[in-house]
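Hi,

Here is the structure I promised to pass on. Please have a look, and my notes follow below.

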Number of protein chains: 2
Amino acid sequence: MAPNKELQEQRMRGYFKDATREILKGEGLKALSVRTVAERAGYSFATMYNYFRDLNELIFLCVNDFMEECETLVNEVGTEMEPGRERLNVRVKAYISYFTQYPGIFELFFVEKMNDIGSKHPTARTIYEFSDKLFGEDVEVLTGALPYAEKINRDILDNLRHSVTGMLLFYNNRLQPRDYREFIAIALRQTELCLAPAYA
Amino acid sequence: MAPNKELQEQRMRGYFKDATREILKGEGLKALSVRTVAERAGYSFATMYNYFRDLNELIFLCVNDFMEECETLVNEVGTEMEPGRERLNVRVKAYISYFTQYPGIFELFFVEKMNDIGSKHPTARTIYEFSDKLFGEDVEVLTGALPYAEKINRDILDNLRHSVTGMLLFYNNRLQPRDYREFIAIALRQTELCLAPAYA
DNA sequence: AAATATAATTAACATTGTTTATTATTTTAA
DNA sequence: TTAAAATAATAAACAATGTTAATTATATTT
């Protein structure tokens, strides 16, 4: 019988991708190296280069998986609520919770340099628009009836993106504020403030 | 005559600090290494270890210099204006301008991991409170007469810190948005939005 | 079953931060 | 002033990183 090369290759790539994901979710980017990935995958580090251009390609592939995972988690909360202010709150909370639980993934999404092509990469834009995708529906409900709804919508979503990312950056990267409960309290309060333009 | 050991040591440390500052402002963190610093300072890389515990100590020392420099620049604009909304705008603009001009310094302040002690370092808190220091006076003028002035003050400054840091992170690290003019436009608009609680 | 193609691994290189050993220099003491 | 001692500067070396080239093992094909 003819061996299924395609299947074999997919499996090999899977082993390395899984290993990368596990390390990123567990120990974080700092612990990620060609050697640690290969060891967990059960192969020599040089084998990786037979299936991926370099370590960066491997990392990029994980970003999409993590985005899906995060989106799923966010979509699992507030399912019984109707779109709007309250639901936005619990969804933002789930979003924040994901990135504090896996600071390595936050780092990967928003902090890490993304060498060479980095910023030109379509992934950069996808990440930029990620929070819009998650919070857009709730915000739209709040602004729908207003004049200049679209503009206000844009303002709120921008502010949400920047605020939440900024807060997570300080908390994950600098432990400011020190206490998690205080951090969550501030985060939720700030989320409320972002909605102000909808109530002006 | 007795040689002034203290002076000699201060000079040596100065050479390395200056070299570090120049590299950080120019090529950025990526280009910074024990070897590149030492070369620019005119000494062997091993000599650095006679004057600093490690490369991190050297880097930390630069943070304070950069903060002073940034503060000076911000204080140089809007001097003829009276504190308030308009002045806050130009000051925020100057602040943003500094960190887009020197993305390596932004990286150092907000992005870089700060190994080991990192977040426990007092510098982490100083950085966290840096925007409060720069924008506090203007915001206070806007909220001074309001009930719950202090609380609102806190909210606005928090939002400013997180928003501006978040925007800079996306722009410097991910080139989102791609165009600088668009970025500045959004930034100023978001700054205005942060002040909303003062006009509620 | 031998020849060939493919895949996996070892060896090697360049670059990083850091430590240890060695050399050069300066200071101190006779 | 010169020999001894202390200090400062450097070179050599190590471990860890990403990556490439050479080599070995394994499949595949004839």
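Below are some notes on the DNA contacts and on one helix pair.

This is a predicted model, in which local features need pLDDT of at least 70, side-chain atom pairs count only at pLDDT 80 or more, and totals for chains, interfaces and linings use all residues. Residues are numbered from 1 along each chain as its sequence is written, chains are lettered from A and ligands numbered from 1 in the order in which they are written, and side-chain values use heavy atoms, with hydrogens and water left out.

DNA strand D is surrounded by 19 residues (near means a heavy atom within 4 Å). They divide into 11 nonpolar, four polar and four charged (Ala, Val, Leu, Ile, Met, Phe, Trp, Tyr, Cys and Pro count as nonpolar, Asp, Glu, Lys and Arg as charged, and the others, Gly among them, as polar).

The side chain of A:Arg35 has an N or O atom 2.4 Å from a base nitrogen of DNA strand D, while for B:Asn50 the distance to a base nitrogen is 3.3 Å. B:Thr47 instead places a side-chain N or O atom 2.6 Å from a phosphate oxygen.

In chain A, A:Ile59, A:Val63, A:Phe66 and A:Met67 in α3(A) meet A:Ile105, A:Leu108 and A:Phe109 in α5(A) (contact means heavy atoms within 4.5 Å; helices are DSSP runs of H or I, at least four residues, numbered from the N terminus). The residues of this contact are seven nonpolar, no polar and no charged.

Best wishes

Notes: Polar contact = N/O pair within 3.5 Å; in protein donor to acceptor, adjacent residues only side chain to side chain. Helix = DSSP H or I, 4+ residues; strand = E, 2+ residues; numbered from the N terminus.
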